[in-house]
Every structure is written in C-alpha cells, then in structure tokens.
Amino acid sequence: MLLLGCIKEVSDYELVISLPNGLSGFVPITQISDAYSKMLSKQVAQGELLEDLHSLSDMYSPGTLVRCVVTSVEKSADGRRSIKLSIDPKKVNKGLNASALASGMLLSGFVSSVEDHGYLIDIGVNGTHAFLPRQKAQNYIKAVKRGPDLKIGQNLNCVIVEVKNEGRVVRLSIDRSEVAASLATERQNWTLSNLLPGLVVKARVQKVAPLGIKVSFLSSFTGIVDFMHMDPEKSMNYSPDQVMKACILSVHPTSKVVRLTLRQAFLHPGGSPNQLSNDRMGAVVEDSTVKAFYKQFGAVFELDDGTLAFARLKHLSKTRKSFKPGAFKTGCKHKCRIIDYSLMDEMCIVSLKYQIIEARFLQYQDIHTGDVVQGKVFALKPLGMQVKVTDGIKGLVPSMHLADVILKQPEKKYNIGDEVRCRVLECSPAGRKLILTLKKSLVQSKLPVLSNYEDAKPGLITHGFVVCAREFGCIVKFYNDVKGLVPKNELSPEPISCPDKVFHEGQVVKVMVLKCEPQQERLLLSFRLSSKPAPEDKKECTPKKKQEVKYQIGEMVDVKVLKKKDNGLEVSVLEDEGNVIALIPTVHLSDFVANCKLLWHCLQEGDVLPRVMCLSDKGEHIILSRKSAVISAVQEEQVVRSFSEIQPGMLLTGYVRNVMPFGVFVEFPFGVTGLAPKVSMSDKFVTDTKDHFVVGQTVIAKVMSIDEEKQRVLLNLKVSECSSGDSAAESFALLNQYFKEVKEIRNLLRRRGEPSMAQGLCELVPGEELQLVMQGVKEDGSALFSGSCVKGLTVTATCYHLGDKNIVPGDKTKALVLHVDALTSKVYVSLREELLKQRAKQVCVQCLDLCVS
C-alpha cells in the first residue's frame, strides 16, 4: 500500500512517520535508498566512518512529507501492531516504467551521486538515468540550509522537466516554486497501477455523505475524502459537481481504493502540515466541546484554543460497557488530555479516559532520571526485561539490574504481566530510550540522585553500583552513565588485597565523593564514609565538648528540636541550657506507626517537646522516647530492670526491635529483649512476619518461658493472650491517645500556615459527611472521587465501601469519611447506606439535644 506520510521523529537508525488517521509507521535506516544502503555496508565492512555518509538527522527533519510503501505489519510483544515502511524509490515508484514518464510528473527521488554539474537522482525506474542540474537545485539548497550541497540518500520532490530517448534519460527540477505549482493531469498518462500519493489533482464532487465525500479526478478515477480530511472551514458547504484541488493520500494495491485530502497544507507539493506547540502536548483541557460524533470511529472536539481534536472510540470511556453515546451529542463538554498529534490529519489526538488524564507520564519527555515509575513486565530477553510504563513508553531493565544480586533464572522470579516498581537510570527522549533498575537498594534509596558530574560535590554521599572490581580498586556507576573510581586505599579502613574477591559486578554500594573534575568527567570516590573529616566551615557546628551530664532511664525532660535527620530528630535538653544533645528516633515519636511519620514531617527546628523520657544514656548517645504506653509502664513500675526479674506470665510493654522470618524480637525499657516465635505472633495464621509487625511498633507481650542458662526469653504477642482483663477499656484508652496525637498534628499543620491542601486535611475528620463527584473506577474495583471540599486530595472508596450503589463517573453522591492519611494526602470514604444512616441518626440526636437545652 502506498501512503503519503510526514516525518514525526528522526533517530539514529529510523524515521518515525505520521500516517493518515492518527497512525504511525517506521522507516528503518536500510529502507532509504540503494545508494545509501551501499554506503552503510561499506562503512561497516571498513570499520571506519565515511566522509560522504551523513546521518539521518543531517538529511531529514520533522514536518517533511514523504511517499512511503508498507513493507510489513508486525505484532509486538505487548500485542500492538507496528507498521514497517520504506521510502526507497524502487519500491515507491515500482508501478512506473521508462515509457510512462512524461514532462510535469511529480516523483520521489534520492540523490545517488554528486557530480560537477549536478546530481544523479535515483527515481527507482529501471533503465532510466535521471539528472538534476546544479542550477535547478540552488534555490532549494539555500532554503533548507543544510550545507552547500545535496547529500547522498537525501529525499527530494522532483518535477520532470524533459524526457529524452523514450524515457531512458530525464532532466529534473527541485525548484520549490515549480514543485509547488505541479498538478497531475490526464496528459501525463497516470494509471491506477502507477498512481502516486502526494500528487495534487483537480477533483469533482460526486456525492456528499456524513462520513465524507466521493470525488472523481483525472477523468476516469474515483476516490474518497473522509471526514478528517475535509477542509474544516468548508466541511459543511460541499455540493455535487463542485470542482476543487485535492491531494492523493493513499492508494490500496488490491482494492484500488484511493483516498484524498482537501486540507490546505497538502494542496501545494513540498509544503509542510501545521505542527502542535510543545507546551500543548500532554495538556489537560477542562472543557472541550463535541463538534461531531461518529459511532464507528470516535468524536471530533473543539479545544479551548479553537483547534480541533479527535478521540478514538476506545478513548471515549474506560470500557465499551461504560460507554454512553448520549454523552457525545453536539455541544456537550468533556474533560480530556492531549495524548498525541497527527501531522497528517493536522489534529490533536485526545483521550477522555480518567487513568490517562491523571497519568503521571505520557511521553518520554515527562520522565526524568531518578524518577520511580510503575510498569508491567511484557517481555523477558537475554539482554534483560522489557517493561511497559504506559502504552507509549517502554523501558529496559538490563540483566544486571533485575535484583540486588545477579539472577541466573529471572523467569522464576518474574512473569509476563507482573507489576514492578523501577527507578530510572537513564532516559533519552530523542532516542526513545529508557533504562531502568529493579535493585531495591536503589529504588528505595533516600540519598541524592547523582546524574551529572557537576552535582558531584566533595562530601556528597549517595548510592551507586559496582561495574568493575580490579586490582586498582572499583569503578562505580550512577545515573546517566556517570561513573567514578574508588581507589584501593579507599575501599575499607582495613587493607583489601583482592578487591574482586570482596566486591562483585552489580553490587549496590554507598559512596562518598572525594574529588570531581566535571570537564574531564573524572570522579574520585571512597567507601570509607566515616573516616573523612568534616569540612572546615562546618566543624564549628558540632558539639565541642563531650557531654558529661548523665540521665537515668525513665527521667522526664523537655527538649527543643535542633535538626531533622533521616532516622529521627536531633534535640537539645532544655534543663541543661541546650548543652546536651540527644536523639528521638522517628519510631519513638509515638506508639502509633502512622503518627510517627506524620510527627516527623510536621515538627520543625525550634519546636519544643515537653515530657520526653530518657530511654538509654550511653555516653554521647542519649536516646529519648515519646511513646505514651512505654512511659506509663516505666512510671507505674510495670517493667523489669534485669533478666533476673522476669517471671513467666508477666505482661510487659515494649517495642519491636527486629522482624525476622522466624519471629519478632521485642525490646523493653532497661534493655531486656525477648523473642516472639512465628506461632506466637498473632491469633491469625502468619505467612510473612513482615505483614504483621514493623520495627518500632509498640506492643504488649506476655512472657511464655525463660531460659536462665542461655539468657533467653520467649514471648507471646497474640491479642487474645495479652489483655489484662478489661480489653474494652484498654482499646478506648488507645483510641483516645491516638486521636489526641492526631489533634496535635492538626494543630501543628494549622500553626505553620501550610498550603491549602494541608489545611483541607486538617478540617476533615472521620465520621464527617461529604458531597462528592465520582471520577472513575480503578482496576481493583475501588473508586476515585473529587469535590470542592477535597480539592487537591486523593479521595477513594474500596469496592466493599461502594456498597450496592451503581454509580458512574460524573454522578454526585454522599460519602462518609473513614480515615484521613495526612502523610499521603489520601482520604478514605464509604458510600454504604448503613453507615450514612447511622451518621444521620447521630446528627438528629445532636439536634434534639440542642433543642432540649
């Protein structure tokens, strides 16, 4: 099939071509022309660069119209079809022969040789020698500004000026004015077997229909102009027998169906269609107006700037079942997102799907080095694993990066369709290249991302991975191919004679930058993070004298926040005029794990925290705790101060020190620890211990047995076994403490004058009734909502909490707040009738109480 296309992207090895009706195709570098392919083969054989061989980007630029022929349609690993094309004149002009050539014909040609007086042009016709005189090329060369000469392999629109010796010799012109004025006529003897896309003809309207018009041209030919290729300004004014210019878009080889366009940009050969400005790609349009709806194809919209856009049928709703044709009557408004631009249709391609409108990434340009992305596995190959981030974005996880250790059989760990969380190692939008890593140590790293040499300042500590371990040391790589050397003497405080025996390829390491020369791209690193002295300008910030004050475990102090660290808050004790420095680990800010993170986020330097308990004092390392349950246990003497005081049956309050596959280690005030085996961890069956407990979690443990000889304590953490008797009172006390801390967090947010989103979180409370609008349903069945009262927040209801309500996107509904997660800005709601009715009853009772009073 022959098509007229427009170059959309140019890479090192292929051209991406925009085709009619929003399609795209690819021209490999080997499908340009015979002369160019021969030069490529010669360069490969010689192993050195040829002076006359130019890159595709030197010869082609986006926006150029080219004639193509479809060579194959391949199905990719993810089920999408890939259209392979050729612009080789021997394939495009296959239907032409020497005797059919005539003056005035417009053909595709490629420069095959540069001569003294002009250029030999390959027009793909056997037995014909085509020559382009130098004077007929000068205006074109000046206009395109790509050097003083045409280049071998360059595509040209050529007009035949003269035909000699029955077509064996032809003289050409590429003068822009001559090309633009060319018009295919009956005298040029065009037939259906050699008709070419890109020809401009005079067409006569035969029939006007809703989806397009039927036209006749060149006396005996008929063709179709579909609704997307009628002139937008005249689409409603066509009438039978009307004569106008049209450009041939495609010719089907078997059905002989010819499609044409009436759009102005194509009616002058050598022109270029309009392009979309970069800032519009990916833009969300709140109110786009339906101009026309075609039930078999999709809908045409008018965007906020007056331009037209097209949404395919599958992009009008999440599924075919949820599609409502009545919502696409002329004049209806919808929210959409620009996902592509069809150069050949001069139209934006949009989507109304909620998941696409809300998508974080839409094109490669949206992704930055160091970003953490979600994707699906769609192919496992020897080179690595291919991951689909979105429909248009695919990345590669090299074999080395499939895990923290090298996997010999990755197919045992990963399956096609698995959801994976990766980090971007490298992204090149121009080459549509995305390199990812699945190494947990890199994905979860909180250290700075080192993606260029300019950011590698001495003293910077970051994560990288070993790519080479030799006698001289290790080479460590970071993001965007930044790499540096860890010399042998910086590998460890102790001498290492054989680095390759200690370090292995792919190993994630924490390194410190010692020296960097950005211009030379040289980087000197060290694994000895603690051995380097602090910079001179920061030495005075550290305490100058060793702390001599001693604190007893259980002693209560008031503290002031000095600094926020990754693992907690560095504070000074106010009683000692700020001379004593201590640490409150993040997990010790609260009995409740969720509140710990929130408090760390909300508290700032200068805040004063009253009544904090000393948990341990080992010289310079004073550890404090704000865990109310632990403080109460110490103050009420419900603790053991040594192993000898422990008795079976005791109930002790402590905190999780470590979570292992076989059980949980619990530490108590005064340093005594015990183990709760897997079978004694929960009243439910335990598959994975990490699903039940986290480090730092406050727990009540029951002593099961003690082994004095081995100094071991076995514990029971089952809720059914660890109650003192009045479980209801204990539960209410815990809830009361939780809400008390939540109130403290809200007050902190308000006091800081946080942004409106944080203020909105402060105002929302569990049990509150909200008026919401449904936005969409996710794959797991949960629903997303929006509303004026929850602007900027993610509001969701699980499948269970949707109840029996059958609502669709756009419906308004009442919902009850179940939980507000201030750290992630998420609000969980319920639509279940029984909860809403219960809330309504409570409101009525409150109203009655007010009336009585």
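**Salt bridges and domain layout in the predicted model**

At 24% relative accessibility, Glu426 counts as partly exposed, a class that covers values between buried (under 20% relative accessible area) and exposed (over 50%), calculated with a 1.4 Å probe on protein chains only. The structure is a predicted model, in which local features need pLDDT of at least 70 and side-chain atom pairs count only at pLDDT 80 or more, whereas totals for chains, interfaces and linings use all residues. Residues are numbered from 1 along each chain as its sequence is written, and side-chain values use heavy atoms, with hydrogens and water left out.

The partner of Glu426 is Lys433, with which a salt bridge is formed at a distance of 3.4 Å between the closest N and O atoms; a salt bridge is taken here as a side-chain nitrogen of Lys or Arg within 4 Å of a carboxyl oxygen of Asp or Glu. Lys433 is likewise partly exposed, at 39% relative accessibility. Side chains of opposite charge can pair when their charged atoms come close. In the whole structure, a search finds 22 salt bridges.

One of these joins Lys136 to Glu178, with the closest N and O atoms 3.0 Å apart. Because Lys136 lies in the loop between β8 (129-133) and α4 (138-144) while Glu178 belongs to helix α5 (residues 176-181), this pair ties together parts that are 42 residues apart in sequence; helices (H or I, at least four residues) and strands (E, at least two) are DSSP runs, numbered from the N terminus. Both residues fall in the partly exposed class, Lys136 with a relative accessible area of 22% and Glu178 at 30%.

A further salt bridge is formed by Arg522 and Glu517, whose closest N and O atoms are 2.7 Å apart. Arg522 is partly exposed at 48% relative accessibility, and Glu517 is partly exposed with a relative accessible area of 23%.

With regard to overall layout, the domain assignment, which is automatic or taken from a database, gives domain 1 (1-147 + 158-164), domain 2 (278-358), domain 3 (398-526), domain 4 (631-721) and domain 5 (753-852). The centres of domain 3 and domain 4, taken over C-alpha atoms, are separated by 39 Å. Pro382 is found in the loop between β21 (372-381) and β22 (384-390) and counts as exposed, at 84% relative accessibility. The C-alpha atom of Pro382 is separated by 9.0 Å from that of Pro398, a residue 16 residues away along the chain.
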